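These notebook entries record what I looked up in the structure shown below. I begin with the strands and end with the helices.

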Amino acid sequence: MHKTAKILAAAIFFLALTTLQAMAAQEYTITIKDHKFSPETLQIPAGEKVKLTIVNNDPSPEEFESYELNREKIIGGNSKGVVFIGPLEPGSYPYFGEFNMDTAKGTIVAK
Amino acid sequence: MLSSAIVVFREVFEIVLIVGIVLAATRGMPGRGCAIALGFGGGIAGSALVALFTESISAMAEGVGQEIFNAGVLFTAAGFIGWTILWMKRHAREMKGQFARLGQDVANGKISYLVLSAVIALAVLREGSEIVLFTYGMLAAGQSPALLLTGSATGLVAGAGIGMLLYLGLIRLSVRVFMQVTSWMLVLLVAGMMSQGIGFLVAAGIFEKFTNVVWDSSWLLSEQGIVGQSLGTLIGYTARPMAIQIFVYLLTLGTLVMFMKLIDYKSLSAMRASAAALAILALLFPTQAQATKKVYSPYVEKGELELEWRGGLTHDDDDDEADGAWEQKLGIGYGFTERLFLEVYGEVEKENEESAEFTAAELEAKVQLTDPGEYWLDVGLLGEYKYNTADGADKIEGQLLLAKDVGSFMHLANLVLEREVGDDSEDETEGGISWSSRYRYNEAFEPGLEIYSEFGELSDMGEFDDQGHSLGPVVYGKVGSFKYDVGYLIGLSDSAPDGTFKAILEYEWHF
């Protein structure tokens, strides 16, 4: 049991080191107002991790969701949330607001 | 009117049966008549109290929460009646013996007559309260009180009459057939009550999802006519059902039928029948009597309510127990915060040549530790307590959940540790790794691969063939609010079953 415990402990320690290695990421902001995202098209550098702050200026909550980006996050009314995306291959990645799908949509372009 | 007749008939019939059995079991005992009458009276009095209680709540709810009250009554009545159907089915056989023993114990002075009275009182109380709740539910559903009264009176006379004739030996009837037929009718009734109840919640504005009307069959059969109304309470017919009503109806039906068939475990044909019944809910795959195969992601969504069904079937040429064994789990879970998701499950297993058993109840907690994409790996934790209801000890399991997106691929890894606890537990900690890789082609279709390695007892792992290793193709996807996870795992080591079909189906809401 001792030997296994040591191996497990080492593995977890190694995992902890690699995962907690937070690299500094470029920051961008998207705003929600009247159930619309702004800017509707956001350009970010490809191949880099990006920190997206979504500010919801509407009183009702919105869900930032994108299959292509593999993210979904609920942002409460009059609050903000953070979503990390990337590194992305160059291309267009559409996203939408699940609660107001007719008007809330946008694209993230990685270049 | 027919529905109240049936419900009252069935309840009264059951009461008369129970009282009859107890009378027969205590034949010749002095004063037993008094004890039984006391119990009977007590049960009736209790039911009258339930009626008063319900009436006063109803008065309070008037206007303010009438719909909520109606929904509550319908759900409670449905739950009671549903539980009785299953309980009766399970215990009907044992009842005679149990009551005979009860009678003997009283005769031997082991327990007092009071216990006899109490048993009768409880049975009468249960049946009585069901009648009360059902009546309120029907009134809530808009049934005419006059019709209800007529129906109940008919049921009362029929139930008491037939029951007494049976007891007195004046007629011979297959009680079993009676119970079976009325059970099935009650199942439809309960499903209808549940769907009506959810309709009230929608009317009250509490429930807002999936309220789109799926079809309008009022041209075929109007809800207002006599036939329509009878069908309304009998099987829950609505001319303009909402999607959520259909869903609740099928879910209730499926669940009750599944449990009823499982209790009826006598023959393989009963098993096949239950397979057909569950086709409504999911693909039925019998499963391996080991843990149902699922690779977890570390993500939690706040406000997500999830209904999950898991099934698995194994076949194995070398291991008779595993050949044709299956396991199913049904769970319901909720994302309480952005980081914490809790789910409870019930598990049913069947090993080859044995009968199906309800084997465990589980509580699972998932914690999301990091934000997706924030670090090199996304990390979460899973903890599970498995309360064993069959032979064997309880189990605790802990998993480290890891995830990573690489382009259009998503990889998951779970590091698993489990240990038995409590009585009958073995002093060993077992470990394993589960892995999943998938290509995120589109939301509805993601082909992938899963690998499961169970190393067994960590301090004494044994050789490759002693461990459980399987690997195989799995397809994932999301269609509307349904998520699926279906695959076939091939056994790589001797200890693992040759093949395992697995299927996981989830339905999500947001609150």
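**Entry 1. Terms and source.** I take two strands as paired if DSSP finds at least two bridges between them. Helices (H or I, at least four residues) and strands (E, at least two) are DSSP runs, numbered from the N terminus. The model is predicted, so I note that local features need pLDDT of at least 70 and side-chain atom pairs count only at pLDDT 80 or more, while totals for chains, interfaces and linings use all residues. Residues are numbered from 1 along each chain as its sequence is written, chains are lettered from A and ligands numbered from 1 in the order in which they are written, and side-chain values use heavy atoms, with hydrogens and water left out.

**Entry 2. The barrel of chain B.** I asked how many strands close into the barrel of chain B. There are 12, in the order β1-β2-β3-β4-β5-β6-β7-β8-β9-β10-β11-β12, and their pairing is antiparallel. From one strand to the next the twist averages 20 degrees; angles run from 0 to 180 degrees between N-to-C directions, and axes are lines fitted to C-alpha atoms, for helices over the stretch in contact. I recall that strands of a sheet pair through backbone hydrogen bonds, either parallel or antiparallel.

Entry 3. I followed β6(B) to its two partners named here. Strand β5 (residues 378-388) of chain B is joined to strand β6 (residues 394-406) of chain B by 9 bridges, and the two run antiparallel. B:Leu401 in β6(B) stands opposite B:Gly380. The hairpin of β5(B) and β6(B) has 5 residues between the strands, and B:Gly392 takes a positive phi there, near 115 degrees.

On to strand β7 (residues 409-421) of chain B: 13 bridges join β6(B) to it, again in the antiparallel sense. Here the bridge partner of B:Leu401 is B:Asn414 in β7(B). I find 2 residues between the strands of the hairpin that β6(B) and β7(B) form, and B:Gly407 in that turn has a positive phi of about 60 degrees.

**Entry 4. Strands β11 and β12 of chain B.** Strand β11 (residues 482-491) of chain B pairs with strand β12 (residues 499-510) of chain B over 9 bridges, in the antiparallel sense. B:Tyr488 has B:Phe501 in β12(B) as its bridge partner.

**Entry 5. The open sheet of chain A.** Which strands stand at the edges of this sheet? The sheet has 4 strands in the order β2-β1-β4-β7 (chain A), and its pairing is mixed. At the edges stand β2 (36-38) and β7 (79-85) of chain A; each has a single partner strand, so one side of each is left without a neighbour in the sheet. The twist averages 25 degrees from one strand to the next. Strand β4 (residues 50-56) of chain A pairs with β7(A) over 7 bridges in the antiparallel sense, and A:Val55 stands opposite A:Lys80 in β7(A).

**Entry 6. Strand β9 of chain A.** I then looked at β9(A). Strand β3 (residues 41-44) of chain A pairs with strand β9 (residues 105-110) of chain A in the parallel sense over 4 bridges; the bridge partner of A:Gln43 is A:Val109. Strand β8 (residues 91-97) of chain A pairs with β9(A) in the antiparallel sense over 6 bridges, where A:Phe96 has A:Lys105 as its bridge partner.

**Entry 7. Loops of chain A.** A:Asp34, in the loop between β1 (26-33) and β2 of chain A, has a positive phi of about 50 degrees although it is not a glycine. The peptide bond from A:Ser38 to A:Pro39 is cis, with omega near 0 degrees, and A:Pro39 is placed in the loop between β2 and β3 of chain A. The bond from A:Gly86 to A:Pro87 is also a cis peptide bond with omega near 0 degrees; A:Pro87 is found in the loop between β7 and β8 of chain A.

**Entry 8. Two helices of chain B.** Helix α4 (residues 113-140) and helix α6 (residues 175-203) of chain B pack at an angle of about 50 degrees, with their axes 11 Å apart. That makes α4(B) oblique to α6(B) (under 35 degrees counts as roughly parallel, over 145 as roughly antiparallel, 65 to 115 as roughly perpendicular and the rest as oblique). The contact (heavy atoms within 4.5 Å) is made by B:Phe134, B:Met138 and B:Ala140 of α4(B) and by B:Leu189, B:Met193, B:Gln196 and B:Phe200 of α6(B).
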